[in-house]
Amino acid sequence: MARNKEKLVLLLDVGPSMHGVLPEVEKVCSMLVEKKLIFNKDDEVGVVVFGTEETNNELMDEVGGYENIVVLQDIKVVDGDLIDILKKLPRGTVDGDFLDAIVVGMDMLIKKYKGIYKGKKRLCLITNAIHPTKDSLEGSKEDQVGTLAVQMTAQGMKMESIVVRGILSQDANKRIMDENDRLLSIFSKKTRSRTVYVDSPISLLGALKTRRVTPVTVFRGHLELSQQMKIKVWVYKKTQEEKFPTLKKYSEKAPSTSKFATHQVMVDYEYKSVDDSSTVVPPEQRIKGYRYGPQVVPISDAERDAVKFKPEKGVKLLGFTDASNIIRHYYMKDVYLFIAEPGNTRAILAVSAIARAMKEMNKVAILRCVWRQGQQNVVVGVLTPNISQNNKIPDSFYFNVLPFIEDVREYQFPSFNSFPASWLPNEQQQMAADEFVQMLNLAPSGKEEALLPEFTPNPVLERFYHHLELKSKQPDAAVPPLDETLKRITEPDLELDFENKSVLDSLCKHFELKENSKLKKSARRLLPEKPSGSNGEDGNGNVSDARAVDSIGQEPVVKIEKIGDLTPVQDFEVMMTRRDNPEWVGKAIREMRDKILSLLTNSHGGDNYLVAVECIIALRKGCILEQEPGPYNNLMRYLYRYCQEKEISTFPKLLASMDVTLISKSEAVDSSNFTDDEARRFLDKIKPEPKD
């Protein structure tokens, strides 16, 4: 049995407090199995859910206890059926105990692989950890967790805990959360475990590492500081671009029922003489040629080897410089990690001493690197100290490749000083532009960075994996729409725009937009010119040209291109029916959304509420027709939160009285995440309370 195969047990909290994020849990777990089917098809996965009303696990039958825990899937090789199970997780009715779930998962791994498997064994726990765990029969909870940690280490298991908090934990007991966090931290300290806290659907999708790449050294040797001083180091790749999986050509000629058919297409090339197409040129009579202008210059292998640059393998120090001299945007390619040779105490102390001295003096090192013997290119880069905050992890270095002069692209832009004074921005315009740029900052001061790289999945790759899994079951399936959570990564943030509406208004106020007449195409250029001597009445003109002119004349004189203030519903409906450009639908939805927000925020005493509700009803109808429920559902949830924050009660009651609900799956089958019951419950929240 290969040691690189992974045996994984998913421990999923499906209690009532997790129902709001279970759709995202289903997505991330499904993505994990989808990637395993591509990259690690021999891995084995089991699924355990806790927080259910029923109980179904072996420990319950053997020793009792461990209630409200169900083994949905025993540990087995990943397949398409497992994805279907993960996409339909049960909704529990009781608060689960994550410690009991960990014990059940450990028991499954021990019983199946004890003494026969020494590869990767992992537990993955996803919970909000806001409910109390059961008291231990012997000793404290900390003692129980310590015992589990010792057993986990002895069995060679790792654990990954993803704690989902955010909005779900606002009403939770802080004392219980602190106790649970303390218990999880014991696992992190005593075992090879990590705990990650997430507070949004986007970060949840990226928190579970769905594909793990085994680190491989690119260099093992000496870091030469001088002829007399050398340190043994190992070099790994810290980051690497994630690319699409390699697609191979597939042949349908082989019988589908054959167990030995590989279906691979073998490609072979033959080189034939120009003079005689039937004569095949053998390899020893071929020579490579390089184009030089109109001619081809032949270069033999011996000549090519003679001029080839052959540097010696090694990593050498060229010198030190101030960190301020290395510009961040000069970094190229991937990041490398330099560590001291494992187990070499002298090398570890030497690396730590140099790294801390460089950090204290704000210095970086410039290195010349040749990773392997026979490598034709030399890499010059910067070595930056990485001081560890964990006593168990030694200090190290980060290495980034720097460009040669041929790699640098200098783009020259004219200075504002070369423009006329009338073109220069005034103080108010400069301030409005600065505020607009600061509004788009993903890492504003005092706030947590949005779209953290380690928690943000690649939406292109995730969509590809999902489509691949879909086509494995339905070969003729069309490309599915982009998932709502992934849309939040690729599309503008509605809440950000609303919160900074004053900044956007200020920018529009200080910068007047005018149409550039030079770029405007005249109608005369769009129509073919008449040949000399002809007129429009002789009937000898081109028939297609005449039809083009007639079609232009038949179009309505007035086209709605923007939702106005007088008839917003009618303008929206006209824009939604336009099909001369596919962008009109998206533009109409965005403008109607902005119009609704403007009516609500600029209302005085509720004078705009009726118009806003009419616009919401029109937007709902349009989103259903286009099967795009995302913009409407996101808007409704945001309006409800806004009314709660501003203590507005009249508008939600008006929505409830007109039976305006979320768009459910029955109305948008393939793109809505809400069932009819969930859409109805949203309406029940905003209905007015009955009077006595």
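**Exercise 1. At what angle do helix α5 (residues 141-154) and helix α6 (residues 174-190) pack, and how far apart are their axes?**

Keep in mind as you work that this is a predicted model.

*Step 1.* Find the two helices and compare their directions: α5 and α6 pack at an angle of about 30 degrees, and their axes lie 9 Å apart.

*Step 2.* Now put the angle into words. Angles under 35 degrees count as roughly parallel, and therefore α5 and α6 are roughly parallel to each other.

*Step 3.* Look at who touches whom. From α5, the contact uses Lys141, Glu142, Val145, Gly146, Leu148, Ala149, Met152 and Thr153, while α6 brings in Glu179, Arg182, Leu183, Ile186, Phe187 and Lys190. Sorted by class, the contact has seven nonpolar, two polar and five charged residues.

**Exercise 2. Describe how helix α10 (residues 427-439) packs with helix α14 (residues 501-510).**

*Step 1.* Start with the geometry: the angle is about 145 degrees and the axes are 9 Å apart. The crossing of α10 and α14 is left-handed.

*Step 2.* Next, list the partners. Gln428, Gln429, Ala432, Ala433, Glu435, Phe436 and Met439 of α10 meet Val503, Leu504, Ser506, Leu507 and His510 of α14. By class, seven residues of this contact are nonpolar, four are polar and one is charged.

**Exercise 3. In what order do the six strands of the open sheet stand, and which strands are at its edges?**

*Step 1.* Read across the sheet: the order is β3-β2-β1-β4-β5-β6, with mixed pairing.

*Step 2.* Check the ends. β3 (69-77) and β6 (193-198) each have a single partner strand, so one side of each is left without a neighbour in the sheet.

*Step 3.* Ignoring direction, neighbouring strands are turned by 10 degrees against each other on average.

*Step 4.* Zoom in on one pair. β1 (residues 6-13) and β2 (residues 44-50) run parallel and are joined by seven bridges. Within this pairing, Leu10 has Val47 in β2 as its bridge partner.

*Step 5.* Finally, see what packs on the sheet: helix α4 (residues 98-113) touches β1, β2, β3, β4 (120-127) and β5 (157-164), and its direction makes about 30 degrees with that of β3.

**Exercise 4. Is Thr661 buried or exposed?**

*Step 1.* Locate the residue: Thr661 sits in the loop between α21 (650-657) and α22 (676-686).

*Step 2.* Apply the cut-off. Buried means under 20% relative accessible area, so Thr661, at 10% relative accessibility, counts as buried.

Definitions and conventions. Residues are numbered from 1 along each chain as its sequence is written. This is a predicted model: local features need pLDDT of at least 70, side-chain atom pairs count only at pLDDT 80 or more; totals for chains, interfaces and linings use all residues. Side-chain values use heavy atoms; hydrogens and water are left out. Axes are lines fitted to C-alpha atoms, for helices over the stretch in contact, and angles run from 0 to 180 degrees between N-to-C directions. Helices (H or I, at least four residues) and strands (E, at least two) are DSSP runs, numbered from the N terminus. A crossing is left-handed if the near helix is turned anticlockwise from the far one by less than a right angle, and right-handed if clockwise. Contact means heavy atoms within 4.5 Å. Ala, Val, Leu, Ile, Met, Phe, Trp, Tyr, Cys and Pro count as nonpolar, Asp, Glu, Lys and Arg as charged, and the others, Gly among them, as polar. Angles under 35 degrees count as roughly parallel, over 145 as roughly antiparallel, 65 to 115 as roughly perpendicular and the rest as oblique. Two strands pair if DSSP finds at least two bridges between them. Buried means under 20% relative accessible area, exposed over 50%, partly exposed in between (1.4 Å probe, protein chains only).
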